[in-house]
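Here's a quick tour of a fold, taken one piece at a time. Have the structure open as you read.

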Amino acid sequence: MTDPGVPRRFERAVVTGGAGFVGAHLCELLLEEDVEVIAVDNLATSSADTLDALRRHDKFRFVRHDVTQPMPLHCRADVVFHLASAASPRDYLALPLETLRAGSHGTEHALDLARRDGARFVLASTSEVYGDPLEHPQREEYWGNVNPIGPRSVYDEAKRFAEALTSAYRREHGVDTGIARIFNTYGPGMRAHDGRMIPAFLDQALKGEPITVTGTGEQTRSICYVEDTVRGLVALARSGHPGPVNIGNPHELTVRQVAERIKDITGSGSPIEEIDAVVDDPKRRCPDIGLARDVLGWEPKIDADDGLRRTAAWFRRAPLR
Ligand code: NAD
């Protein structure tokens, strides 16, 4: 394994899930840094349209492939970012077995690629590994409070398994791995109907429909603008740190506060309405990002008002919300 203290340099990156929301922003950042990028995606929860902007770069290539099958790539990569997985509750509840396979078989194939090429490997894990946490804010040492058999377990446990597999490849095969635990990320490029809070609220606010908060709306989330998140993933890749490292914005807001800010920013007259609570919905979610600050020199730069304004501007222009 490469010396953990030596910053990694990359010429070619593989990004599984590269046609998705976070993946496309990650590809864009890597291309800006002059890294050649191969995005691998089966378009299960994204569309080929996302790729149009990326295809303008000479150094971008797209391979349509399901990561639950062995990787069909023959060229050597220096870094593999593994993001391929359904990620929004609506998607993973509709694709339960596919989500478990993406986290298990998919992660193993992505790790095998990194092992073959002697590449750095970064797993896009999630704050969902903390489940409905009993500790606040969540530090990486916390083992979590996950219901292993509830409907959300297909995502949470797939990611927990993916973390275990990544750690075992590091120990058993010496693969240079890093685990990022990503907290709620939002920004331009999200699908309005993917079931996640911010695109749903923006869509409702812009259409003048009621903004629907689940339960009382007093549950908290910490929302991170996507440009900050992908900078964190690249910082982790360039470091030799194994993680897990929390990548998120520690500014905690209630779901109702997010709805109110979106209402103000869009100038919407929509009322805020309560609807049924979601099963196993976490009551509080807030990252401790001390480790990311210390070992990656990373912290988010874009606050919620700025990020929500940028996202609202994109949603207003988006042709097919
Ligand atoms: P997304 O649904 O927009 O993107 C996921 C991408 O993975 C899609 O393009 C989809 O087609 C692809 N994919 C799914 N299964 C696949 C398979 N078997 N083979 C190939 N491609 C497959 O979701 P996102 O928000 O961009 O999330 C990306 C990653 O980041 C996911 O792993 C997710 O768990 C993680 N993450 C995201 C957030 C967030 O708030 N967005 C938070 C925590 C973790």
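Which strands does helix α5 lie across? Helix α5 (residues 153-173) lies across β5 and β6, and runs at about 155° to β5. Keep in mind that this is a predicted model.

**The sheet**
- Seven strands make up an open sheet with parallel pairing, in the order β3-β2-β1-β4-β5-β6-β11.
- At the edges sit β3 (60-64) and β11 (245-247), each of which pairs on one side only.
- From one strand to the next, the twist averages 20°.
- Strand β6 (residues 176-182) and β11 run parallel and are joined by three bridges; Ala180 has Val245 in β11 as its bridge partner.

**A helix on the sheet**
- Helix α4 (residues 96-117) packs on the sheet and touches β1 (12-16), β4 (79-82), β5 (120-126) and β6.
- The direction of α4 makes about 175° with that of β4.

**Where α6 meets α10**
- The axes of helix α6 (residues 197-207) and helix α10 (residues 304-317) come within 10 Å and cross at roughly 60°, so the two helices are oblique to each other.
- The crossing of α6 past α10 is right-handed.
- On the α6 side, the contact is made by Ile198, Pro199, Leu202 and Leu206; on the α10 side, by Leu308, Thr311, Ala312, Phe315 and Arg316.
- Sorted by type, the residues of this contact are seven nonpolar, one polar and one charged.

**What the record says**
- An unreviewed UniProt entry lists residues 14-248 as "domain: NAD-dependent epimerase/dehydratase".
- Over residues 14-248, the chain is 38% helix and 20% strand, with the end C-alpha atoms 23 Å apart.

Terms used: Residues numbered from 1 in each chain as written. Predicted model: local features only at pLDDT ≥ 70, side-chain atom pairs only at ≥ 80, totals over all residues. Heavy atoms only, no water. UniProt positions renumbered as here; feature names shortened; annotations may be inferred. Helix = DSSP H or I, 4+ residues; strand = E, 2+ residues; numbered from the N terminus. Axes fitted to C-alpha atoms, helices over the stretch in contact; angles between N-to-C directions. Parallel < 35°, antiparallel > 145°, perpendicular 65-115°, else oblique. Left-handed = near helix turned anticlockwise from the far one by under 90°. Contact = heavy atoms within 4.5 Å. Nonpolar A, V, L, I, M, F, W, Y, C, P; charged D, E, K, R; others polar. Pairing = 2+ DSSP bridges.
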